[in-house]
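Subject: Structure handover

Hello,

The structure we talked about is below. My notes follow it.

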Amino acid sequence: MVEDKKDDPVCRSTSSLEGRLVAHSPGHQGVWHWYEDHARGTGELARRFAEPWGGGELAYRLGRDHDIGKGSCAWQEGLVEEATTGRKVRRPSHKDAGAFLFAQAARQHPVLTPCAGVIEGHHTGLSAWSELGVRLKGLMRDSSEVDEAISRVAEVMPEILDGTCPAAPNWLNPRDKTSVEMLVRMTYSAVVDADRLDTVAHFRPGAHLRQNVDMTELWERYENGRQEAIAERQRRKEPSWLDKLREDVYQEAIETAAGEPGVYRLHLPTGAGKTFAGGGFALRHAALHGLRRVVVAVPFISITEQNAAVYRGLLDPERGPRAVLEHHSAVNFETADRRASRSLDASGNVRQDQNRTRLNRWAKLAAENWDAPFIVTTTVRLIESLFGNSPSATRRLHRLANSVIVLDEVQALPDTLLTPILSGLRELVEHYGVTLVLSSATQPELAALNPWQSGLPQRNIVANPAPLFNRLRRVRYEWRTAPDVTLGDIAAEAAEHDQALMVVNGTKDASRVHKMWLGDREENPGVLHLSTRMTGGHRRETIQTAKQRLEASMDTLLVSTSLIEAGVDLDFPRGYRARSLPESEQQAAGRINREGHRPTEDSVMVIFEPRDGLQPQMIYNRCGIAAASRRFGEELADPDDLDTLCSYYQHRYRLQAGRSSTDPNGATGEAIEALRGKLDYPEVARKMRMIDNEHSVAVVIIRPQLHQSDRQAAQDAIDQLRRGVPTPETYRTLQDHMASIPQRELEMAISAGHAVEIAGDLHEWTGPYHPQRGIEPPM
């Protein structure tokens, strides 16, 4: 590295700024963001974030040095020219200088060398070590392209040349590559979030840090709110035996919360008060053990919305700072960055859309970083945070340290990703102070899989759940599995009853059944439809309508996809479920005789196999289907038989464990775990996507049926995104107006003029929207 600075050129920018280096252009008050202020501010914030796992000094060093490349004359002059002229100026990359300097220091502790990737990828994402290692070796041989930047930064911050290397956390085993991989991820998250927050503080002073509520206060608020809700319920109706059972369950959960941090199972039958018991356990456990937040992750957006509403009602005051953050936005703003960088002008040159670039920069700055004491999110978002490699996905990961994570409906975790998911969660429990709660009525036997087979005890929050399942068995199963059964047959049978629920395997089947029930009529208030092709607000309205009609004993037929199966509080006397996995069938049965007011013998759940419907092996785990077919069915066990469910899960996992990722029956993700050991962050992120892109595209819809004020609020949020000045509230406003469609349908809609871009990969739907069924699937 060059250390003789006598012959260095003089930057025009530093001359005009009295020799000072800058990190960002002037904010709204016209003040430059001085380099040393940003470097030290980012370092200190990163240190604070990483202290819970013993990585404070490491994160400080990486945060302090992440922008050293900005010291070069070309970068400084480019920023000054851009700030003074308003014209976009291409500046050189600034990621290599700090990464090189850290790699030099890490020769004292080689296990930390991959942490250079934190600096190298702080804007573009974590790279594969195979690529980063080659780049660093090249700089070790010839550092001329980074020497100037390092020398100039050293003039204002001489400490960057002290040559020392921070120590690794004392628990880190250099031979455990997945532990190293997770340490890089967590440190990357801390540095990226600190960088973004310090930058936002420059442009929007005072907007970047929340004043969070103390967990003890939050637990007291929760308990008081629950007692008030119970009192209100008892004023309206006499307490039932089920209310007493739920209270006993809750009290046992609260007592268990005093146990040591670790892994807990909340195994309760549907209707036993799992949502309240899980929230109470998590908050009291956090308060007793000094943990920082609770994160509740659920597999379906519909449950996210419902649970968030329950927890907000208990925890958020009418005035004062809000405690509950609901986050499940499906927007990816980096997609647009990449698309803009690849777009070409008429001459074939790269064209930068300045408005889009500015929009995405601010959109990413405003994205949620989970700086709240109580988070309700989707499992997809949680896994994306844990295994993504982009800054926007990963910046919230460090918030999981010293937290309680409640994995609700844990049986919905995809088998093909279980090995890396369980391995990553074990890392969080063992090294990052996390208590993990596995919550479900159908607990999978996760200890049968390799990452959890030894040394990770699981404790039951409710010590003996089996008697609860026996007492709360409220349905009788029937089976329609003859080869000539059709959707029409079952729809007609369901329509013979005043109130019935029919759950099918896909949106096309749901649309068909709804049309069958309507017949020649355009609308029937007692015939309802539910799927993710409807907006969040529309789904919530439909669920509320169904609930009101059921409670008033009005005729109600509801056809739904599987989204109704978890957490939706509806109580039908009769149900029909297209053949699927036993855990899904059991969850659907949880909507039948939910409150136990009817005799079990009269409360029927029919499992049917329609020859003209979407077959379960097309959408569900094939090994699961194979294991289930031997155990559940007519003259076999029912889906709520606990011993058979345990045997089923063990068999299902044995069928898959150790198989290659190319096996058509799937595997449990061993190949992805091997990629983690190689520090191949981009490939891990690609393979860990829980929802295939073909089925995960969100679109925003402003329905004609909305009240004018709601329509205006949604339009204002869309306009904020398009102008590039969104806030976290912008995304929360739009969540009520989002529906999901396959990627291929979105592309067709764009071509037909039925969808227009808002920001990133988020589009506004301007095509047809059915008032009961939402965006119709093509038949």
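How many disulfides does the count come to? A disulfide here is a pair of cysteine sulfur atoms within 2.5 Å, and by this rule the count is zero. Cys165 takes part in no disulfide, and its nearest cysteine sulfur, that of Cys115, is 8.6 Å away.

Some conventions before the rest. This is a predicted model, in which local features need pLDDT of at least 70 and side-chain atom pairs count only at pLDDT 80 or more, while totals for chains, interfaces and linings use all residues. Residues are numbered from 1 along each chain as its sequence is written, and side-chain values use heavy atoms, with hydrogens and water left out.

Overall figures

The chain has 31 helices and 19 strands; these are DSSP runs (helices H or I, at least four residues; strands E, at least two), numbered from the N terminus. Of its 779 residues, 58% are buried, where buried means under 20% relative accessible area, exposed over 50%, and partly exposed in between (1.4 Å probe, protein chains only). The accessible surface comes to about 31600 Å², with 48% of that belonging to carbon and sulfur atoms; areas come from the Shrake-Rupley method with a 1.4 Å probe, and for residues only the protein chains shown count as cover. Taking contacts (heavy atoms within 4.5 Å) between residues at least 6 apart in sequence, 78% join residues at least 24 apart.

Strand S7 and its surroundings

Strand S7 (residues 403-408) is largely enclosed by the rest of the structure, because six of its six residues are buried. Ser403, Ile405 and Leu407 point one way from S7, and Val404, Val406 and Asp408 point the other way. S7 pairs in the parallel sense with strand S4 (residues 293-298) over five bridges, and in the parallel sense with strand S8 (residues 435-440), also over five bridges. Pairing requires that DSSP finds at least two bridges between two strands. Ala297 has Leu407 of S7 as its bridge partner, and Asp408 has Ser439 of S8.

S7, helix H18 (residues 418-431) and S8 form a right-handed β-α-β unit; right-handed means that, with the strands pointing away from the viewer, the path from the first strand over the helix to the second runs clockwise. The loop between S7 and H18 holds Glu409. Glu409 has a positive phi, near 50°, and is not a glycine. With 4% relative accessibility, Glu409 counts as buried.

Glu635 also has a positive phi, of about 70°. Glu635 sits in the loop between helix H25 (622-629) and helix H26 (642-656), and at 81% relative accessibility counts as exposed.

Nonpolar cores

A nonpolar core is a set of buried Ala, Val, Leu, Ile, Met, Phe, Trp, Tyr and Cys residues joined through side-chain atoms within 4.5 Å. The largest has 84 residues, and those touching the most other members are Phe102, Leu407, Leu428, Leu436, Leu446 and Trp452. Helix H9 (residues 177-203) gives the largest share of this core, eleven residues. Apart from this core lies another, of 43 residues, including Tyr250, Leu283, Leu314 and Val376.

Leaving aside neighbours within four places in sequence, Phe102 is in contact with Leu58, Arg61, Leu62, Leu112, Cys115, Ala116, Ile119 and Pro166.

Regards
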